[in-house]
Amino acid sequence: MGADAKTAMKVEMTDSAARRIAKIVSGETGKTALRVSVEGGGCSGFSYKFDLVDTRNDDDVAIEKDGATVLIDDLSLVYMGGSVIDFVDDLMGQSFQIRNPNAVASCGCGTSFSI
């Protein structure tokens, strides 16, 4: 895989997301990471799923920053390459948001997209 392909598959998390993930995981006994996966369904075709987990699978890619770990499986990474995971706290509420350059459409809730 060339350098461009590796860069395209990379997923990053913002400082805000890292702080929030570290805080959530520290309050959950036995949990070590936030798993982000892509599943079929949702109002735009695919949806993101967030789970707190205590194990890492063989096909997981780990993104680590400031004591926070995000796990993404190989299949989900295909759909999420180049994305940035953020945590937003604004007047609309608090939520994890994924800025995905592969998505050509997304729903208003921000958890569903199409490519």
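Colleague: Which residue in β3 does Glu39 stand opposite?
Modeller: Glu39 stands opposite Ser47 there. Keep in mind that this is a predicted model, where local features need pLDDT of at least 70, side-chain atom pairs count only at pLDDT 80 or more, and totals for chains, interfaces and linings use all residues. Residues are numbered from 1 along each chain as its sequence is written, and side-chain values use heavy atoms, with hydrogens and water left out.

Colleague: How many bridges pair β2 and β3?
Modeller: Eight, in the antiparallel sense, between β2 (residues 33–40) and β3 (residues 46–53). Strands pair if DSSP finds at least two bridges between them; strands (E, at least two residues) and helices (H or I, at least four) are DSSP runs, numbered from the N terminus.

Colleague: And how does β2 run relative to β5, parallel or antiparallel?
Modeller: Parallel, with two bridges joining β2 to β5 (residues 68–73). Leu34 stands opposite Val70 in β5.

Colleague: Switching topic: how many salt bridges are there?
Modeller: Seven, counting a side-chain nitrogen of Lys or Arg within 4 Å of a carboxyl oxygen of Asp or Glu. Glu39 turns up again here, linked with Lys49 and Asp51 in a network of salt bridges.

Colleague: What does Asp15 pair with?
Modeller: Lys65, with the closest N and O atoms 2.9 Å apart.

Colleague: Is Lys65 buried or partly exposed?
Modeller: Partly exposed, at 28% relative accessible area; buried means under 20%, exposed over 50%, partly exposed in between (1.4 Å probe, protein chains only).
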